[in-house]
Amino acid sequence: MSQSPDQDPRRIAIFDTSLRDGEQAPGFSMNTVRKLKLAHALAALKVDVMEVGFAAASPGDAEAIHAIASEIGSAPGAPMLCSLARANERDIDAAERALGPAKNTRLHLFFGTSDLHLAAKHQMEKPEALATIERAIEMGRGRFTEIEFSAEDALRTDPAFLKEVLECAAAAGADVLNVPDTVGYTSPEEIYALFADLTVNVARPDHVVFSTHNHNDLGMAVANSLAAVRGGAGQIECTINGIGERAGNCALEEVVMALKTRPDHYRANTGVDTRQIFAVSRLLGEVTGNAPPRNKAIVGRNAFAHEAGIHQHGVLADRRTYEIMSPEDIGLPSNALVLGKHSGKHALRARLAALGHGDMGDNRFEKLYADFKRLADTRREVTDNDLCDLIAEDGRGHTWELVRVEMRTGTKAKERPTAKVTLDHTTRGRLTTIGHGTGPFEALTDAFCVAAEVKEGMLESIDAHQLSREMEIEVGLTVDGVSITGRSQHTDVVIAAAEALLAAFNNHARAQETSRLANAA
Ligand code: KIV
Ligand code: ZN
(Lines give C-alpha, C1' and ligand atoms only; values in the text may rest on other atoms or scores of the structure.)
(Ligands and ions follow the chains in the order given, each with its own letter.)
Protein backbone atom coordinates (compact mmCIF):
# COMPACT_ATOMS: atom_id res chain seq x y z
CA MET A 1 0.00 0.00 0.00
CA SER A 2 2.83 2.44 -0.77
CA GLN A 3 1.65 5.85 -1.94
CA SER A 4 2.13 7.61 -5.20
CA PRO A 5 3.62 11.12 -4.93
CA ASP A 6 0.40 12.93 -5.86
CA GLN A 7 -1.75 11.34 -3.14
CA ASP A 8 -2.81 13.42 -0.10
CA PRO A 9 -0.72 12.84 3.02
CA ARG A 10 -2.12 10.09 5.24
CA ARG A 11 -2.91 10.95 8.87
CA ILE A 12 -0.96 8.54 11.10
CA ALA A 13 -2.27 7.97 14.64
CA ILE A 14 0.31 8.31 17.42
CA PHE A 15 -0.14 5.81 20.26
CA ASP A 16 2.08 6.76 23.16
CA THR A 17 3.07 3.95 25.51
CA SER A 18 5.58 5.82 27.73
CA LEU A 19 3.38 5.12 30.76
CA ARG A 20 3.14 1.38 30.03
CA ASP A 21 5.91 -0.13 27.87
CA GLY A 22 8.23 2.76 28.82
CA GLU A 23 7.46 2.71 32.50
CA GLN A 24 7.96 -1.04 32.83
CA ALA A 25 11.70 -0.73 32.03
CA PRO A 26 14.11 -0.80 35.00
CA GLY A 27 14.94 2.72 36.18
CA PHE A 28 11.78 4.28 34.71
CA SER A 29 9.04 3.26 37.14
CA MET A 30 6.76 6.11 38.23
CA ASN A 31 4.23 6.53 40.98
CA THR A 32 0.69 7.83 40.35
CA VAL A 33 1.56 11.49 40.96
CA ARG A 34 4.40 11.36 38.45
CA LYS A 35 2.32 9.46 35.91
CA LEU A 36 -0.44 12.07 36.21
CA LYS A 37 2.03 14.87 35.59
CA LEU A 38 3.28 13.16 32.47
CA ALA A 39 -0.22 12.27 31.30
CA HIS A 40 -1.13 15.98 31.33
CA ALA A 41 1.95 16.75 29.25
CA LEU A 42 1.15 13.94 26.79
CA ALA A 43 -2.39 15.29 26.43
CA ALA A 44 -0.93 18.74 25.62
CA LEU A 45 1.33 17.04 23.06
CA LYS A 46 -1.90 15.84 21.40
CA VAL A 47 -1.09 12.18 21.01
CA ASP A 48 -4.10 10.22 19.73
CA VAL A 49 -3.96 7.35 22.19
CA MET A 50 -2.25 7.12 25.57
CA GLU A 51 -1.55 3.64 26.93
CA VAL A 52 -1.45 4.48 30.62
CA GLY A 53 -0.71 1.12 32.18
CA PHE A 54 -1.52 -2.55 32.55
CA ALA A 55 -4.42 -2.58 35.01
CA ALA A 56 -4.12 -6.23 36.06
CA ALA A 57 -0.36 -6.01 36.60
CA SER A 58 -0.52 -4.41 40.05
CA PRO A 59 -2.86 -2.38 42.28
CA GLY A 60 -0.49 0.58 41.74
CA ASP A 61 -0.95 0.36 37.96
CA ALA A 62 -4.74 0.15 38.29
CA GLU A 63 -4.76 3.13 40.65
CA ALA A 64 -2.67 5.25 38.26
CA ILE A 65 -4.90 4.38 35.29
CA HIS A 66 -8.00 5.26 37.30
CA ALA A 67 -6.49 8.57 38.44
CA ILE A 68 -5.56 9.52 34.86
CA ALA A 69 -8.97 8.44 33.57
CA SER A 70 -10.67 10.59 36.24
CA GLU A 71 -8.50 13.68 35.79
CA ILE A 72 -7.87 13.68 32.04
CA GLY A 73 -10.20 11.14 30.43
CA SER A 74 -13.31 13.26 30.27
CA ALA A 75 -11.74 16.61 29.35
CA PRO A 76 -12.77 17.93 25.93
CA GLY A 77 -10.28 16.81 23.27
CA ALA A 78 -8.64 14.31 25.64
CA PRO A 79 -6.75 11.48 23.96
CA MET A 80 -8.19 7.99 23.99
CA LEU A 81 -6.96 6.17 27.11
CA CYS A 82 -5.87 2.57 26.91
CA SER A 83 -4.94 -0.29 29.23
CA LEU A 84 -3.01 -3.40 28.30
CA ALA A 85 -4.60 -6.78 29.12
CA ARG A 86 -3.88 -10.46 28.59
CA ALA A 87 -6.52 -12.52 26.81
CA ASN A 88 -8.45 -13.48 29.94
CA GLU A 89 -11.52 -12.32 31.85
CA ARG A 90 -9.69 -11.09 34.94
CA ASP A 91 -7.44 -8.74 32.93
CA ILE A 92 -10.35 -7.42 30.85
CA ASP A 93 -12.41 -6.71 33.98
CA ALA A 94 -9.45 -4.93 35.61
CA ALA A 95 -8.95 -2.76 32.49
CA GLU A 96 -12.65 -1.85 32.39
CA ARG A 97 -12.70 -0.88 36.07
CA ALA A 98 -9.52 1.20 35.87
CA LEU A 99 -10.50 3.05 32.68
CA GLY A 100 -14.10 3.54 33.94
CA PRO A 101 -14.15 7.35 34.34
CA ALA A 102 -12.73 8.02 30.84
CA LYS A 103 -14.95 8.90 27.87
CA ASN A 104 -12.95 7.19 25.13
CA THR A 105 -11.34 3.93 26.12
CA ARG A 106 -9.36 1.25 24.37
CA LEU A 107 -8.75 -2.30 25.51
CA HIS A 108 -5.34 -3.52 24.31
CA LEU A 109 -5.35 -7.31 24.25
CA PHE A 110 -2.15 -9.17 23.47
CA PHE A 111 -1.29 -12.80 22.84
CA GLY A 112 2.07 -14.31 21.76
CA THR A 113 1.66 -15.92 18.35
CA SER A 114 5.17 -17.10 17.35
CA ASP A 115 5.89 -20.83 17.65
CA LEU A 116 8.21 -19.97 20.52
CA HIS A 117 5.55 -18.04 22.45
CA LEU A 118 2.86 -20.65 21.72
CA ALA A 119 5.04 -23.45 23.07
CA ALA A 120 6.99 -21.76 25.87
CA LYS A 121 4.47 -19.26 27.23
CA HIS A 122 1.02 -20.57 26.36
CA GLN A 123 1.62 -24.31 25.86
CA MET A 124 -1.05 -24.19 23.17
CA GLU A 125 -1.51 -25.45 19.62
CA LYS A 126 -2.59 -22.95 16.97
CA PRO A 127 -6.35 -23.76 16.96
CA GLU A 128 -6.56 -23.28 20.73
CA ALA A 129 -4.68 -19.97 20.43
CA LEU A 130 -7.16 -18.74 17.79
CA ALA A 131 -10.10 -19.72 20.00
CA THR A 132 -8.55 -17.91 23.02
CA ILE A 133 -8.01 -14.72 21.01
CA GLU A 134 -11.54 -14.82 19.59
CA ARG A 135 -13.08 -15.41 23.03
CA ALA A 136 -11.16 -12.55 24.66
CA ILE A 137 -12.11 -10.03 21.97
CA GLU A 138 -15.74 -11.07 22.18
CA MET A 139 -15.57 -10.69 25.95
CA GLY A 140 -14.34 -7.11 25.61
CA ARG A 141 -16.78 -6.08 22.87
CA GLY A 142 -19.23 -3.32 23.85
CA ARG A 143 -17.36 -2.52 27.08
CA PHE A 144 -14.74 -0.19 25.56
CA THR A 145 -14.87 2.38 22.76
CA GLU A 146 -12.33 0.35 20.79
CA ILE A 147 -10.39 -2.88 20.96
CA GLU A 148 -6.81 -3.30 19.80
CA PHE A 149 -5.32 -6.73 19.35
CA SER A 150 -1.55 -7.33 19.37
CA ALA A 151 -0.02 -10.51 17.98
CA GLU A 152 2.99 -10.45 20.31
CA ASP A 153 6.28 -11.46 18.61
CA ALA A 154 4.53 -11.01 15.24
CA LEU A 155 7.79 -10.54 13.36
CA ARG A 156 8.89 -14.05 14.34
CA THR A 157 5.44 -15.56 13.77
CA ASP A 158 4.81 -17.89 10.82
CA PRO A 159 3.40 -15.38 8.22
CA ALA A 160 0.51 -17.66 7.20
CA PHE A 161 -0.54 -18.11 10.83
CA LEU A 162 -0.12 -14.37 11.48
CA LYS A 163 -2.65 -13.67 8.71
CA GLU A 164 -5.03 -16.20 10.21
CA VAL A 165 -4.67 -14.63 13.67
CA LEU A 166 -5.27 -11.09 12.39
CA GLU A 167 -8.31 -12.15 10.34
CA CYS A 168 -9.70 -13.96 13.37
CA ALA A 169 -9.15 -10.85 15.57
CA ALA A 170 -10.77 -8.51 13.04
CA ALA A 171 -13.76 -10.84 12.59
CA ALA A 172 -14.20 -11.04 16.38
CA GLY A 173 -14.37 -7.23 16.66
CA ALA A 174 -10.85 -5.78 16.92
CA ASP A 175 -10.64 -2.23 15.54
CA VAL A 176 -6.83 -2.02 15.51
CA LEU A 177 -4.45 -4.83 14.52
CA ASN A 178 -1.02 -4.33 16.02
CA VAL A 179 1.94 -6.22 14.54
CA PRO A 180 4.72 -5.81 17.12
CA ASP A 181 8.40 -6.52 16.68
CA THR A 182 8.57 -7.47 20.34
CA VAL A 183 12.28 -8.31 20.36
CA GLY A 184 13.61 -5.70 17.90
CA TYR A 185 14.53 -8.38 15.35
CA THR A 186 13.29 -7.10 12.00
CA SER A 187 14.77 -4.79 9.37
CA PRO A 188 13.17 -1.91 7.44
CA GLU A 189 13.01 -3.95 4.20
CA GLU A 190 11.40 -6.92 5.91
CA ILE A 191 8.79 -4.97 7.87
CA TYR A 192 7.90 -2.87 4.83
CA ALA A 193 7.20 -6.07 2.84
CA LEU A 194 5.19 -7.58 5.70
CA PHE A 195 2.91 -4.54 6.11
CA ALA A 196 2.51 -4.14 2.35
CA ASP A 197 1.32 -7.76 2.24
CA LEU A 198 -0.89 -7.70 5.37
CA THR A 199 -2.66 -4.45 4.55
CA VAL A 200 -3.64 -5.82 1.15
CA ASN A 201 -4.31 -9.46 1.98
CA VAL A 202 -5.83 -9.60 5.49
CA ALA A 203 -9.64 -9.67 5.18
CA ARG A 204 -11.17 -7.14 7.60
CA PRO A 205 -13.89 -4.48 7.93
CA ASP A 206 -12.95 -1.16 6.27
CA HIS A 207 -12.42 0.81 9.46
CA VAL A 208 -9.77 -1.57 10.87
CA VAL A 209 -6.32 0.03 11.12
CA PHE A 210 -2.91 -1.66 11.12
CA SER A 211 -0.47 -0.58 13.81
CA THR A 212 3.31 -0.91 14.20
CA HIS A 213 5.18 -1.33 17.53
CA ASN A 214 8.95 -1.71 17.39
CA HIS A 215 11.65 -2.34 19.93
CA ASN A 216 15.15 -1.00 19.52
CA ASP A 217 17.38 -4.00 20.24
CA LEU A 218 19.28 -3.54 16.98
CA GLY A 219 18.86 0.23 16.94
CA MET A 220 16.23 0.15 14.17
CA ALA A 221 12.94 0.84 15.97
CA VAL A 222 12.37 4.23 14.34
CA ALA A 223 13.52 3.10 10.88
CA ASN A 224 11.30 0.02 11.14
CA SER A 225 8.28 2.09 12.22
CA LEU A 226 8.75 4.45 9.27
CA ALA A 227 9.10 1.49 6.90
CA ALA A 228 5.87 0.01 8.32
CA VAL A 229 4.11 3.32 7.65
CA ARG A 230 5.31 3.20 4.07
CA GLY A 231 3.95 -0.35 3.93
CA GLY A 232 0.51 0.84 5.06
CA ALA A 233 0.49 1.06 8.89
CA GLY A 234 -1.90 3.74 10.13
CA GLN A 235 -0.77 3.85 13.76
CA ILE A 236 2.70 4.04 15.35
CA GLU A 237 3.27 2.93 18.93
CA CYS A 238 6.12 4.82 20.54
CA THR A 239 7.48 6.42 23.71
CA ILE A 240 9.01 9.75 24.71
CA ASN A 241 12.82 9.61 24.58
CA GLY A 242 12.44 6.04 23.23
CA ILE A 243 12.19 4.57 26.75
CA GLY A 244 11.00 1.00 27.11
CA GLU A 245 11.88 -2.65 27.63
CA ARG A 246 15.61 -3.43 27.16
CA ALA A 247 16.95 -1.01 24.49
CA GLY A 248 13.61 0.78 24.40
CA ASN A 249 10.81 1.49 21.94
CA CYS A 250 10.49 3.62 18.85
CA ALA A 251 11.15 7.24 20.00
CA LEU A 252 8.06 9.41 19.53
CA GLU A 253 10.02 12.60 18.93
CA GLU A 254 12.15 10.97 16.23
CA VAL A 255 9.39 9.28 14.29
CA VAL A 256 7.10 12.34 14.47
CA MET A 257 9.84 14.75 13.39
CA ALA A 258 10.90 12.40 10.58
CA LEU A 259 7.35 12.49 9.20
CA LYS A 260 7.18 16.27 9.63
CA THR A 261 10.60 16.94 8.12
CA ARG A 262 10.20 14.61 5.13
CA PRO A 263 6.59 14.93 3.90
CA ASP A 264 7.96 14.60 0.36
CA HIS A 265 9.17 11.10 1.18
CA TYR A 266 6.62 9.67 3.61
CA ARG A 267 3.51 11.63 2.51
CA ALA A 268 2.11 11.18 5.98
CA ASN A 269 1.51 13.45 8.97
CA THR A 270 0.41 13.28 12.60
CA GLY A 271 -1.72 15.42 14.92
CA VAL A 272 1.13 15.92 17.41
CA ASP A 273 1.84 19.48 18.54
CA THR A 274 5.57 19.19 18.01
CA ARG A 275 6.24 22.43 19.95
CA GLN A 276 5.52 20.45 23.12
CA ILE A 277 8.17 17.80 22.42
CA PHE A 278 11.06 19.42 24.26
CA ALA A 279 8.99 20.14 27.40
CA VAL A 280 7.59 16.57 27.59
CA SER A 281 11.00 15.04 27.01
CA ARG A 282 12.51 17.16 29.78
CA LEU A 283 9.64 16.39 32.12
CA LEU A 284 10.11 12.66 31.61
CA GLY A 285 13.84 13.06 32.34
CA GLU A 286 12.97 14.99 35.51
CA VAL A 287 10.38 12.61 36.91
CA THR A 288 12.42 9.47 36.22
CA GLY A 289 15.86 10.92 36.92
CA ASN A 290 17.01 9.71 33.48
CA ALA A 291 17.70 12.52 31.05
CA PRO A 292 18.21 11.45 27.42
CA PRO A 293 21.85 11.22 26.29
CA ARG A 294 23.49 14.41 25.07
CA ASN A 295 23.60 13.25 21.46
CA LYS A 296 20.04 11.88 21.40
CA ALA A 297 18.29 12.84 18.15
CA ILE A 298 15.80 15.74 18.48
CA VAL A 299 15.88 16.16 22.29
CA GLY A 300 19.53 15.65 23.37
CA ARG A 301 21.40 18.69 24.69
CA ASN A 302 23.57 18.69 21.58
CA ALA A 303 20.80 18.14 19.03
CA PHE A 304 20.69 21.82 18.05
CA ALA A 305 24.10 22.92 19.36
CA HIS A 306 26.68 24.07 16.86
CA GLU A 307 30.13 23.97 18.36
CA ALA A 308 32.54 23.73 15.42
CA GLY A 309 33.54 27.13 14.03
CA ILE A 310 32.76 26.17 10.46
CA HIS A 311 29.25 25.07 11.45
CA GLN A 312 28.66 28.19 13.52
CA HIS A 313 29.70 30.32 10.59
CA GLY A 314 27.32 28.48 8.27
CA VAL A 315 24.40 28.66 10.73
CA LEU A 316 24.91 32.38 11.29
CA ALA A 317 24.84 32.96 7.53
CA ASP A 318 21.81 30.73 6.96
CA ARG A 319 20.50 28.25 9.56
CA ARG A 320 19.50 25.78 6.86
CA THR A 321 23.17 25.04 6.11
CA TYR A 322 23.39 22.73 9.13
CA GLU A 323 19.81 22.55 10.46
CA ILE A 324 17.10 20.43 8.85
CA MET A 325 14.53 21.36 11.52
CA SER A 326 14.10 24.53 13.47
CA PRO A 327 14.57 24.32 17.26
CA GLU A 328 11.28 26.23 17.67
CA ASP A 329 9.48 23.32 15.97
CA ILE A 330 10.18 21.11 18.98
CA GLY A 331 9.56 23.90 21.48
CA LEU A 332 13.15 24.88 22.13
CA PRO A 333 12.60 28.61 22.56
CA SER A 334 14.69 30.83 20.33
CA ASN A 335 17.68 32.38 22.04
CA ALA A 336 16.66 35.91 21.05
CA LEU A 337 16.42 36.72 24.77
CA VAL A 338 19.66 35.86 26.53
CA LEU A 339 19.37 35.17 30.24
CA GLY A 340 22.28 36.24 32.39
CA LYS A 341 23.06 37.79 35.75
CA HIS A 342 21.24 41.02 34.89
CA SER A 343 18.00 39.26 33.94
CA GLY A 344 15.01 39.86 36.18
CA LYS A 345 12.02 37.85 37.28
CA HIS A 346 9.88 38.76 34.25
CA ALA A 347 12.47 37.41 31.82
CA LEU A 348 12.85 34.22 33.84
CA ARG A 349 9.07 33.75 34.09
CA ALA A 350 8.73 34.22 30.32
CA ARG A 351 11.44 31.68 29.59
CA LEU A 352 9.97 29.17 32.04
CA ALA A 353 6.58 29.52 30.36
CA ALA A 354 8.19 28.84 26.98
CA LEU A 355 9.78 25.72 28.45
CA GLY A 356 6.40 24.41 29.62
CA HIS A 357 6.70 25.52 33.27
CA GLY A 358 4.33 28.50 33.15
CA ASP A 359 2.30 27.10 36.04
CA MET A 360 5.12 27.17 38.60
CA GLY A 361 3.90 28.36 42.02
CA ASP A 362 5.36 31.51 43.65
CA ASN A 363 7.39 29.73 46.35
CA ARG A 364 9.03 27.36 43.92
CA PHE A 365 9.65 30.22 41.50
CA GLU A 366 11.37 32.34 44.19
CA LYS A 367 13.68 29.46 45.08
CA LEU A 368 14.43 28.81 41.43
CA TYR A 369 15.12 32.53 40.88
CA ALA A 370 17.68 32.48 43.70
CA ASP A 371 19.34 29.35 42.19
CA PHE A 372 19.29 31.00 38.77
CA LYS A 373 21.03 34.13 40.13
CA ARG A 374 23.70 32.01 41.82
CA LEU A 375 24.34 30.14 38.58
CA ALA A 376 24.34 33.34 36.50
CA ASP A 377 27.16 34.67 38.70
CA THR A 378 29.44 31.89 37.50
CA ARG A 379 28.76 32.16 33.76
CA ARG A 380 28.08 34.58 30.97
CA GLU A 381 24.78 33.08 29.86
CA VAL A 382 22.23 30.71 31.38
CA THR A 383 20.85 28.46 28.64
CA ASP A 384 17.53 26.64 28.41
CA ASN A 385 19.32 23.42 29.22
CA ASP A 386 20.78 25.00 32.38
CA LEU A 387 17.30 26.12 33.41
CA CYS A 388 15.86 22.67 32.81
CA ASP A 389 18.65 21.20 34.95
CA LEU A 390 17.86 23.66 37.74
CA ILE A 391 14.17 22.77 37.58
CA ALA A 392 15.01 19.06 37.61
CA GLU A 393 17.33 19.48 40.58
CA ASP A 394 14.78 21.55 42.46
CA GLY A 395 11.86 19.18 41.76
CA ARG A 396 13.93 16.30 42.98
CA GLY A 397 14.73 17.46 46.51
CA HIS A 398 18.30 16.78 47.51
CA THR A 399 19.47 14.03 49.79
CA TRP A 400 22.95 15.56 49.88
CA GLU A 401 24.12 19.20 49.95
CA LEU A 402 27.74 20.20 49.50
CA VAL A 403 28.97 22.50 52.28
CA ARG A 404 32.73 22.65 51.73
CA VAL A 405 35.48 20.98 49.75
CA GLU A 406 39.23 21.15 50.32
CA MET A 407 41.90 19.51 48.21
CA ARG A 408 45.59 18.87 48.83
CA THR A 409 47.95 17.63 46.13
CA GLY A 410 51.73 17.67 45.82
CA THR A 411 54.52 16.93 43.40
CA LYS A 412 56.46 14.55 45.66
CA ALA A 413 55.84 10.80 45.35
CA LYS A 414 54.62 10.37 48.91
CA GLU A 415 52.22 13.31 48.81
CA ARG A 416 49.04 11.41 47.89
CA PRO A 417 46.18 13.65 46.81
CA THR A 418 43.75 14.11 49.69
CA ALA A 419 40.22 15.53 49.58
CA LYS A 420 38.16 16.67 52.54
CA VAL A 421 34.43 17.19 51.96
CA THR A 422 31.71 18.42 54.28
CA LEU A 423 28.20 17.36 53.28
CA ASP A 424 24.71 17.77 54.74
CA HIS A 425 22.49 14.70 54.54
CA THR A 426 18.71 15.03 54.93
CA THR A 427 18.53 12.52 57.80
CA ARG A 428 22.12 11.98 58.94
CA GLY A 429 22.98 15.67 59.33
CA ARG A 430 26.44 17.16 58.71
CA LEU A 431 29.36 14.84 57.88
CA THR A 432 33.00 15.55 57.15
CA THR A 433 35.04 12.84 55.45
CA ILE A 434 38.52 12.50 54.01
CA GLY A 435 39.39 10.57 50.86
CA HIS A 436 42.62 9.55 49.14
CA GLY A 437 43.49 8.53 45.62
CA THR A 438 46.14 8.42 42.95
CA GLY A 439 44.73 11.69 41.62
CA PRO A 440 42.57 14.52 42.98
CA PHE A 441 39.33 13.26 41.39
CA GLU A 442 39.85 9.79 42.79
CA ALA A 443 40.45 11.35 46.22
CA LEU A 444 37.22 13.37 45.93
CA THR A 445 35.29 10.28 44.86
CA ASP A 446 36.73 8.38 47.81
CA ALA A 447 35.61 11.11 50.23
CA PHE A 448 32.04 10.96 48.81
CA CYS A 449 31.99 7.15 48.97
CA VAL A 450 33.08 7.23 52.63
CA ALA A 451 30.28 9.70 53.43
CA ALA A 452 27.68 7.62 51.58
CA GLU A 453 28.88 4.42 53.28
CA VAL A 454 29.57 2.79 49.93
CA LYS A 455 31.27 -0.59 50.28
CA GLU A 456 32.84 -0.59 46.83
CA GLY A 457 33.10 2.64 44.85
CA MET A 458 35.12 3.32 41.72
CA LEU A 459 35.52 6.40 39.53
CA GLU A 460 34.94 5.04 35.99
CA SER A 461 35.05 8.15 33.82
CA ILE A 462 35.55 11.86 34.06
CA ASP A 463 34.74 14.06 31.13
CA ALA A 464 35.87 17.69 31.33
CA HIS A 465 34.86 20.36 28.88
CA GLN A 466 35.84 24.05 28.84
CA LEU A 467 32.74 26.21 28.23
CA SER A 468 33.67 29.88 27.89
CA ARG A 469 34.63 30.76 31.52
CA GLU A 470 33.58 27.66 33.32
CA MET A 471 34.46 24.00 33.28
CA GLU A 472 31.80 21.38 32.70
CA ILE A 473 32.52 18.06 34.39
CA GLU A 474 30.62 14.84 33.89
CA VAL A 475 31.49 11.91 36.16
CA GLY A 476 30.59 8.24 35.86
CA LEU A 477 31.19 5.88 38.76
CA THR A 478 30.06 2.53 40.09
CA VAL A 479 28.86 2.29 43.68
CA ASP A 480 28.22 -1.18 45.01
CA GLY A 481 27.73 -2.51 41.49
CA VAL A 482 25.40 0.30 40.29
CA SER A 483 26.50 2.80 37.61
CA ILE A 484 25.71 6.41 38.45
CA THR A 485 26.44 9.69 36.70
CA GLY A 486 26.35 13.38 37.48
CA ARG A 487 27.25 16.63 35.81
CA SER A 488 28.05 20.16 36.88
CA GLN A 489 29.69 23.37 35.76
CA HIS A 490 31.76 25.88 37.67
CA THR A 491 34.59 28.28 37.11
CA ASP A 492 36.61 26.29 39.69
CA VAL A 493 37.41 22.80 38.41
CA VAL A 494 37.55 21.23 41.91
CA ILE A 495 34.13 22.59 42.80
CA ALA A 496 32.78 21.50 39.39
CA ALA A 497 34.00 17.94 40.07
CA ALA A 498 32.64 17.93 43.64
CA GLU A 499 29.25 19.18 42.44
CA ALA A 500 29.19 16.57 39.65
CA LEU A 501 29.80 13.87 42.28
CA LEU A 502 27.11 15.46 44.44
CA ALA A 503 24.65 15.31 41.51
CA ALA A 504 25.56 11.64 40.93
CA PHE A 505 24.95 10.71 44.59
CA ASN A 506 21.67 12.68 44.64
CA ASN A 507 20.53 10.89 41.44
CA HIS A 508 21.44 7.58 43.04
CA ALA A 509 19.52 8.37 46.25
CA ARG A 510 16.51 9.39 44.19
CA ALA A 511 16.60 6.22 42.05
CA GLN A 512 16.76 4.13 45.23
CA GLU A 513 13.76 6.00 46.65
CA THR A 514 11.78 5.52 43.41
CA SER A 515 12.38 1.77 43.38
CA ARG A 516 11.57 1.57 47.11
CA LEU A 517 8.20 3.27 46.41
CA ALA A 518 7.56 1.02 43.40
CA ASN A 519 8.27 -2.11 45.48
CA ALA A 520 6.05 -0.88 48.29
CA ALA A 521 3.12 -0.20 45.87
O1 KIV B 1 6.47 -5.46 22.57
C2 KIV B 1 5.34 -5.94 22.57
O3 KIV B 1 5.04 -6.94 21.89
C4 KIV B 1 4.34 -5.32 23.42
C5 KIV B 1 2.95 -5.79 23.22
C6 KIV B 1 2.23 -5.93 24.50
C7 KIV B 1 2.27 -4.90 22.25
O8 KIV B 1 4.64 -4.41 24.15
ZN1 ZN C 1 6.57 -3.51 23.52
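These exercises walk through a predicted model with two ligands, each task followed by its solution.

Residues are numbered from 1 along each chain as its sequence is written, and chains are lettered from A and ligands numbered from 1 in the order in which they are written. Local features need pLDDT of at least 70, side-chain atom pairs count only at pLDDT 80 or more, and totals for chains, interfaces and linings use all residues; side-chain values use heavy atoms, with hydrogens and water left out.

**Exercise 1. The zinc site**

Find the protein donors of the zinc ion (ligand 2) and state how they are spaced in sequence.

Solution. 
- Step 1: Donors are N, O and S atoms within 2.8 Å of the metal (3.2 Å for Na, K and Ca); water is not among the atoms, so sites may look incomplete.
- Step 2: List the donors. Asp-21 gives OD, while His-213 and His-215 each give NE2. They lie 2.0 to 2.1 Å from the zinc ion.
- Step 3: Write the spacing. The pattern is D-x191-H-x1-H.
- Step 4: Place the residues. Asp-21 sits in helix 1 (residues 18-22) and His-213 in strand 8 (residues 209-214), so this pair ties together parts 192 residues apart in sequence. Helices (H or I, at least four residues) and strands (E, at least two) are DSSP runs, numbered from the N terminus.
- Step 5: Check burial. Buried means under 20% relative accessible area, exposed over 50%, and partly exposed in between (1.4 Å probe, protein chains only). Asp-21 has 3% and counts as buried. His-213, at 5%, is buried as well.

**Exercise 2. The shell around ligand 1**

Describe the residues that surround ligand 1 and the polar atoms close to its oxygen atoms.

Solution. 
- Step 1: Collect the shell. A residue is near a molecule or strand if one of its heavy atoms lies within 4 Å of it. Among the residues around ligand 1 are Arg-20, Leu-84, His-108, Phe-110, Glu-152 and Asn-178. The zinc donors Asp-21, His-213 and His-215 also belong to this shell.
- Step 2: Sort by type. The shell has three nonpolar, six polar and three charged residues. Here Ala, Val, Leu, Ile, Met, Phe, Trp, Tyr, Cys and Pro count as nonpolar, Asp, Glu, Lys and Arg as charged, and the others, Gly among them, as polar.
- Step 3: Trace the elements. Helix 1, strand 5 (105-112), strand 6 (146-152) and strand 7 (176-181) each supply at least two shell residues.
- Step 4: Read the polar distances. A polar side-chain atom of Asp-21 is 3.0 Å from an oxygen atom of ligand 1. For an N or O atom in the side chain of His-213, the distance to a ligand 1 oxygen is 3.2 Å. For His-215, it is 3.0 Å.
- Step 5: Ligand 1 taken alone exposes 260 Å², and the protein buries 95% of that.

**Exercise 3. Salt bridges**

How many salt bridges does the structure hold? Work through some of them.

Solution. 
- Step 1: Define and count. A salt bridge is a side-chain nitrogen of Lys or Arg within 4 Å of a carboxyl oxygen of Asp or Glu. The structure holds 29.
- Step 2: Take Arg-86 and Asp-91. Their closest N and O atoms are 2.8 Å apart. Arg-86 is partly exposed at 35%, whereas Asp-91 is buried at 0%.
- Step 3: Take Asp-115 and Lys-126. Their side chains meet at 3.8 Å, N to O. Asp-115 lies in helix 5 (residues 115-122) and Lys-126 in helix 6 (residues 126-140), so the pair ties together parts eleven residues apart in sequence. Asp-115 is partly exposed at 47%; Lys-126 is partly exposed at 26%.
- Step 4: Arg-20, Asp-21 and Glu-51 are linked in a network of salt bridges.

Conventions
A polar contact is a pair of N or O atoms within 3.5 Å; within protein, one must be able to donate a hydrogen and the other to accept it, and residues adjacent in sequence count only if both atoms are side-chain atoms. Accessible areas come from the Shrake-Rupley method with a 1.4 Å probe; for residues, only the protein chains shown count as cover.
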